[in-house]
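This report describes a predicted model. Please view the sequence and structure shown here before reading the sections below.

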Amino acid sequence: MTIGERVAWYRRRRGLSQRVLADMVGRTEDWLNKVENNRIQLDRISVIQNLAKQLDVSIGDLLAEPTLVDNSHVGGKPTIPALRDALTSYAQLMPFSRQEPTEVQPIPQLAGRLQAVWDAYQSSRFAYVSASLPALITDLDVARRNSRADDSERALRLLASAYHAAATVLTKVGEVDLAWVAAQRGFDIAERVGEPVIWLSLARSVTHVTMSTGRHKDAAALVGQVASHVGSLPNDASAEYRSVYGTLFLTGAMAAARSDDRALTAEYLRESESAAVQLGRDANYAWTAFGPTNVKIHRVSTAMELDDVETALVVGQQVDASSLPTERQVRHSLELARAHSNRSRRDEALAILLAAEARAPEQVRHHALSRDLVVNWVRTGKSRPSSALAGLADRMNLV
């Protein structure tokens with residue numbers, strides 16, 4: 001079901017006429033009719049958020065689309081369901097119910113598994129991530145409870161990062177409620193550990209999940225509260241801390257843009273850019289992919305959220321993201337495709353999507369942006385979809 005179809009369904013459930021709902025969101029009845037019949041694309045989160053508010057539903061109710069990760073990429077191993085079981089296991093709440101293993105895995109081996117998970121995420125291999133995390137979370141929990149003090153502390157830090165990875169990949173595939181559970185678990189551990197980089201990383205994770213659940217103003221405000229709590233960026237900050245700090249403000253900029261707050265968006269981008277300048281280069285400390293190029297990518301994304309398509313196109317086509325992880329490269333490609341589509345350049349947009357799919361099929365096929373673009377092109381085209389578009393829609397299981 002598309003966003004437009006969901007809007008129509010909730011409107012009818014609420015007993016609202018098209019005219020009344022259109023008036024409530026400050027639009028014309030003709031505009032709403034086109035939305036509900038998928039003749040125009042809803043590509044601004046702020047507009048979708050306003051519709052959700054007037055329909056008295058969460059933004060997730062309009063955006064949510066059941067998304068399954070293809071487990072053929074990991075030999076048929078269970079993916080999201082297994083991760084859900086790991087995050088909601090009663091054994092974590094009731095220690096007496098646990099069956100402790102006879103052997104605890106060494107910390108270096110556990111750290112290597114965590115590294116492989118984050119590497120896979122940044123390579124857009126989401127099936128591998130979601131299939132690997134359940135056992136890793138379980139083994140890290142065992143290690144932190146059954147190791148000597150030093151190893152227990154290290155296992156706890158790794159566990160916080162594993163929860164962060166879980167929250168990140170679950171957000172990517174649309175499981176935002178489950179992502180919230182993971183982010184909260186990770187932040188609880190970060191509070192106990194008290195290590196600044198870990199604490200700030202998990203605070204950013206909470207902020208990102210808050211934004212992904214549609215509470216954009218809350219997420220933008222939370223970034224300001226976190227920044228007030230930690231203070232300004234110290235001159236002697238480590239590269240890891242500087243990267244996490246800068247990425248926090250990139251998340252905040254996206255949240256502010258989706259709240260249609262131009263001033264706050266610009267302020268957060270400036271703060272992030274300042275951190276990137278101090279860092280001095282594109283890097284990947286603490287798996288942030290942070291640096292000047294990632295700031296530029298977010299300038300494009302925030303411009304699109306603020307309906308400044310020309311800025312997005314001009315800046316976006318100047319960005320060379322080739323030095324960044326695949327996930328960042330492809331996310332930028334999706335934004336460029338969105339911008340070209342907005343200007344009715346569907347052939348260019350489709351070519352960008354197909355090139356991105358060749359690099360990261362899981363990311364393109366499961367991301368809400370690309371799925372919405374393809375649905376819109378198929379349903380609003382004046383002729384039969386081209387073989388390239390039909391093939392992409394088929395691979396996305398949209399037709």
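## Helix 1 and helix 4

Helix 1 (residues 3–13) and helix 4 (residues 45–55) have axes that come within 10 Å and cross at roughly 20 degrees. Helix 1 is therefore roughly parallel to helix 4 (angles under 35 degrees count as roughly parallel). Axes are lines fitted to C-alpha atoms, for helices over the stretch in contact, and angles run from 0 to 180 degrees between N-to-C directions. Helices are DSSP runs (H or I, at least four residues), numbered from the N terminus, and strands are runs of E of at least two residues.

Helix 1 contributes Ile 3, Val 7, Tyr 10 and Arg 11 to the contact, and helix 4 contributes Ile 48, Leu 51 and Leu 55 (contact means heavy atoms within 4.5 Å).

## Ala 52

Helix 4 also contains Ala 52, which is buried at a relative accessible area of 2% (buried means under 20%, with a 1.4 Å probe and protein chains only). Between the C-alpha atoms of Ala 52 and His 164, 112 residues apart along the chain, the separation is 28 Å.

## The whole chain

The protein chain has 21 helices and zero strands. Its C-alpha trace spans about 65 × 45 × 40 Å along the principal axes. Of the 399 residues in the protein chain, 53% are buried.

## Basis of the values

Residues are numbered from 1 along each chain as its sequence is written, and side-chain values use heavy atoms, without hydrogens and water. In this predicted model, local features need pLDDT of at least 70 and side-chain atom pairs count only at pLDDT 80 or more, while totals for chains, interfaces and linings use all residues.

Terms used. Angles under 35 degrees count as roughly parallel, over 145 as roughly antiparallel, 65 to 115 as roughly perpendicular and the rest as oblique. Buried means under 20% relative accessible area, exposed over 50%, partly exposed in between (1.4 Å probe, protein chains only).
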